[in-house]
Amino acid sequence: MKKIPYFIIVFFICMIAVSSCYNDKEAYLYPFASICDSSNATYSQTIAPIMTANCNICHSTVLASGSVITDTWAGLNVVALNGKLWAGVDWSAGFSPMPKGSSKLSACDLAKIKKWINNGATNN
Ligand code: HEC
């Protein structure tokens, strides 16, 4: 059997590689990336995990940086209702931007926090 020249094989591998990139549009690759469902934001399912991931390292009941506690509903409810929670995560002028030393939370996380606050920051 005649051997297939090496460059032909390489050529076809390249063609496959290039053509497989044809549909590399964000919407195809990450179908859920642009969808943010903040409608059902609850403390237990939505807000508490965001706090655990971004805030509790400094705002645990034990540390309570800036006298703010984010690892219990009672602690978080205080700053949710007095406006400081939103001012902090929204990086409002005159407030210390949170999470301190990190980048701003995602737009989706912010939308969820806002929704929960607007709904009364309840222990749901
Ligand atoms: C690396 C530690 C750190 C992290 C992480 C952090 N904070 Fe803070 N936070 C602080 C410190 C320290 C203060 C006290 C004010 C200051 O020094 O900036 C503070 C203050 C605050 C205040 C009061 C702001 C004011 O002006 O009175 C709020 C509200 C707050 N943090 C919420 C959060 C939230 C919500 C997160 C998570 C998204 C978060 N923090 C993440 C360290 C942190």
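**Start at helix α7**

Select α7 and look for its buried residues: Asp-109, Leu-110, Lys-112, Ile-113, Trp-116 and Ile-117. Buried here means under 20% relative accessible area, exposed means over 50%, and partly exposed is in between (1.4 Å probe, protein chains only). Now look down the axis of α7: the buried residues fall within an arc of 160°, so they line one face of the helix. That arc is taken from the directions from the helix axis to the C-beta atoms. Turn to the face pointing away from the buried side, and you'll find the exposed residues Ala-107 and Asn-118.

Before moving on, a word about what you have loaded. It is a predicted model, with residues numbered from 1 along each chain as its sequence is written. Local features need pLDDT of at least 70 and side-chain atom pairs count only at pLDDT 80 or more, while totals for chains, interfaces and linings use all residues; side-chain values use heavy atoms, with hydrogens and water left out.

Back to α7, residues 107-118: its twelve residues reach 16 Å from the first C-alpha to the last, close to the 16 Å expected at 1.5 Å a residue. The expected span is 1.5 Å times one less than the number of residues. After α7 comes Gly-120, with a positive phi near 100°.

**Zoom out**

Colour by secondary structure: there are seven helices and zero strands. Helices (H or I, at least four residues) and strands (E, at least two) are DSSP runs, numbered from the N terminus. Buried residues make up 27% of the 124 residues in the chain.

**Into the core**

What covers the buried residues of α7? Show α3 (43-54), α5 and α6 (84-89), which are included in that cover. Next, pick Ile-113 and list its contacts (heavy atoms within 4.5 Å). Leaving aside neighbours within four places in sequence, Ile-113 is in contact with Ile-47, Ile-50, Met-51, Leu-85, Trp-86, Val-89 and Leu-105.

Ile-113 also belongs to the largest nonpolar core, which has 18 residues. Such a core is a set of buried Ala, Val, Leu, Ile, Met, Phe, Trp, Tyr and Cys residues joined through side-chain atoms within 4.5 Å. Those touching the most other members are Ile-47, Met-51, Leu-76, Leu-85, Ile-113 and Trp-116. The elements giving two or more residues to this core are α3, α5, α6 and α7.

Go to the loop between α4 (56-59) and α5 (73-81) and select Ser-60. Is Ser-60 buried or exposed? At 15% relative accessibility, Ser-60 counts as buried. Its side chain reaches the backbone nitrogen of Leu-63 at 3.1 Å. Beyond its neighbours within four places in sequence, Ser-60 is in contact with Ile-69 and Asp-71.

Hop to Ile-69, in that loop between α4 and α5. Ile-69 is partly exposed, with a relative accessible area of 22%. With neighbours within four places in sequence left aside, the contacts of Ile-69 include His-59, Thr-61 and Leu-76.

**Last stop: the ligand**

A side-chain N or O atom of His-59 is 2.7 Å from a ligand nitrogen atom. At Ser-96, a polar side-chain atom lies 2.4 Å from a ligand oxygen atom. Check Lys-100 too: an N or O atom in its side chain is 2.7 Å from an oxygen atom of the ligand.

Terms used: A polar contact is a pair of N or O atoms within 3.5 Å; within protein, one must be able to donate a hydrogen and the other to accept it, and residues adjacent in sequence count only if both atoms are side-chain atoms.
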